[in-house]
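Student: I would like to go through a protein structure with you. Could we look at the overall layout before the details?

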Amino acid sequence: MTVHALFFCLRPDPATAARLSAVSVDIARRFGLRIRPPRTERLHVTLHHLGWYDDATDQAETMAEVRQLAEDAAAALRHGPVRVDFDQLLSFTRKPRNLPLVLSGGACLDGVRAMRAALGERLHAAGLRTDPHFTPHLTLFYDDVAVQPQPFIVPGWTASEFLLLDSLQGQSTHVDLARWPLD
């Protein structure tokens with residue numbers, strides 16, 4: 001049995017992903033956190049999470065239906081490229097262990113917020129639900145030590161496309177399902 005998590009995201013180009021991975025190693029050293037192998041290929045900024053689906057049950061059919069509706073909604077979106085920069089470092093502390101250490105930001109991520117809102121409108125029109133709560137962020141890694149919110153400027157990239165991914169839970173694998181240009 002595999003549990004799938006479907007989501008839309010912005011993903012950095014390979015050179016930016018490598019640079020962000022190097023930043024994460026520097027942050028781990030600076031704060032005395034565990035240094036892990038870079039997860040360059042999994043770096044992304046989630047736009048909309050579409051749910052978890054167990055492929056060993058009737059959820060596989062539901063997942064296929066949600067995927068089709070999501071792809072149709074994404075194909076209807078017209079949006080220009082989006083600048084993705086960060087000016088804050090923090091840990092999300094909703095649980096006691098394995099805390100996500102993330103890059104986030106204020107006004108520097110307004111373009112991401114606007115693009116997410118536009119995609120959300122298309123998803124709603126297609127009959128899909130979206131979460132109104134959103135903190136744009138890029139997860140660098142997980143650690144049991146919390147890093148308090150602090151200014152931390154990291155130039156990002158200009159996203160020229162957005163993707164629909166399937167995260168295979170427990171396998172540290174993201175499968176590209178579809179992509180659309182931002183132009």
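Tutor: From the N terminus on, the elements run β-α-β-α-β-β-α-β-β-β-β. Helices (H or I, at least four residues) and strands (E, at least two) are DSSP runs, numbered from the N terminus. This is a predicted model, in which local features need pLDDT of at least 70 and side-chain atom pairs count only at pLDDT 80 or more, while totals for chains, interfaces and linings use all residues. Residues are numbered from 1 along each chain as its sequence is written, and side-chain values use heavy atoms, with hydrogens and water left out.

Student: How many helices and strands are there in the protein?

Tutor: The protein has 3 helices and 8 strands. Its radius of gyration is 16 Å, close to the 16 Å from the globule rule for 183 residues, so the protein is as compact as a globular protein of that length. The radius is taken over C-alpha atoms, and the rule is 2.2 Å times the number of residues to the power 0.38.

Student: What box do the C-alpha atoms fill?

Tutor: Taken along the principal axes, the box is roughly 45 × 40 × 30 Å.

Student: And what share of the residues is buried?

Tutor: Buried residues make up 46% of the 183. Buried means under 20% relative accessible area, exposed over 50%, and partly exposed in between (1.4 Å probe, protein chains only).

Student: Let us turn to aromatic rings. How many aromatic pairs does the structure hold?

Tutor: It holds 4 aromatic pairs. Rings of Phe, Tyr and Trp (its six-membered ring) pair if their centres lie within 6.5 Å; planes under 30 degrees apart count as stacked, over 60 as edge-to-face and the rest as tilted. One of the pairs is Phe8 with Trp180: the ring centres are 5.8 Å apart and the planes are at 55°, so this pair is tilted.

Student: Where do Phe8 and Trp180 lie?

Tutor: Phe8 is in strand S1 (residues 3-10) and Trp180 in strand S8 (residues 173-181), so the pair ties together parts that are 172 residues apart in sequence. Phe8 is buried at 0% relative accessibility, and Trp180 is buried at 13%.

Student: Why does the pair of Phe162 and Trp180 count as stacked?

Tutor: The planes of Phe162 and Trp180 are at 25°, with the ring centres 5.2 Å apart, so the pair is stacked. Phe162 is in strand S7 (residues 161-168) and Trp180 in strand S8, 18 residues apart, and the pair links distant parts of the chain. Phe162 is buried as well, at 1% relative accessibility.

Student: A new topic: is Arg30 buried or exposed?

Tutor: Arg30 is exposed, at 52% relative accessibility. Its place is in helix H1 (residues 14-31). The C-alpha atoms of Arg30 and Thr158 are separated by 27 Å, and these residues are 128 apart along the chain.

Student: Finally, what is the phi of Asn98?

Tutor: Asn98 has a positive phi of about 50°, although it is not a glycine. Most residues other than glycine have a negative phi. Asn98 is in the loop between strand S3 (82-91) and strand S4 (99-104), and it is partly exposed, with a relative accessible area of 36%.
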